[in-house]
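Please look through the sequence and the structure before reading on.

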Amino acid sequence: MGIKDCFAKYGATLKNVNWSVSSENNKGELVVSLWQQFFTKPESGVIKYVDCVSRWSGHGNIEFRERIAKAYDTNQSVRVVIARTDDEDAVRKGQDASKLKNRFHIKEEWLGKVTFWDGDRFEIEFRSS
């Protein structure tokens with residue numbers, strides 16, 4: 001499934017399919033595309049995502065920062081589209097991931113909250129709903 005279709009499964013539309021990685025759906029939830037490699041192993045039913053927005057740049061980054069800040073400030077629910085790539089090192093280095101071969105899937109049963117945000121580093125905790 002492509003990223004656009006994954007977002008649509010949550011009732012969300014990307015502003016620009018080439019660079020957007022976040023959107024709000026028709027239920028007021030934040031929907032984000034997150035890299036599989038930055039998820040922690042489940043612990044006590046919680047799966048954490050830990051990353052820094054300074055790792056990458058571009059229009060999608062600006063949009064993502066605004067949405068993460070809002071979600072943190074308002075305790076907004078978060079839904080996830082999980083991105084996988086064959087070149088995890090390129091993602092880690094902040095290279096243009098839109099040029100990589102990526103795959104996407106969703107975890108409809110996961111519901112998350114942004115539990116940490118300092119303007120760069122963020123953490124989202126997901127639990128099965």
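**Confidence.** The model is predicted. The protein has an average pLDDT of 94, and 100% of the residues score at least 70. Among its elements, the lowest mean pLDDT, 85, belongs to helix α3 (residues 88–92), whereas the highest, 98, belongs to strand β6 (residues 110–117).

**Strand pairing.** Strand β6 is paired with β4 and with β7, as set out in the table.

| Pair | Sense | Bridges | A residue pair |
|---|---|---|---|
| β6 and β7 (residues 121–128) | antiparallel | seven bridges | Lys 113 and Glu 125 |

Strands β6 and β7 also form a hairpin, with three residues between them. In its turn, Gly 119 has a positive phi of about 95 degrees.

**The largest pocket.** The volume of the largest pocket is about 610 Å³. Its lining consists of 29 residues, and those nearest the centre are Trp 19, Val 21, Trp 35, Ala 97 and Ser 98. Two or more lining residues come from each of the elements β2 (30–35), β3 (47–52), α2 (59–74) and β5 (102–106). What is the division of the lining residues into nonpolar, polar and charged? The lining of the largest pocket holds 15 nonpolar residues, 11 polar residues and three charged residues.

Technical notes:
Residues numbered from 1 in each chain as written. Predicted model: local features only at pLDDT ≥ 70, side-chain atom pairs only at ≥ 80, totals over all residues. Heavy atoms only, no water. 1 Å grid on protein atoms, 1.4 Å probe; cavity = no way out; pocket = protein on both sides within 12 Å on 5 of 7 lines; lining within 4 Å. Points joined across faces, edges and corners; volume = space filled by probe spheres on them. Helix = DSSP H or I, 4+ residues; strand = E, 2+ residues; numbered from the N terminus. Nonpolar A, V, L, I, M, F, W, Y, C, P; charged D, E, K, R; others polar. pLDDT = per-residue confidence, 0-100. Pairing = 2+ DSSP bridges.
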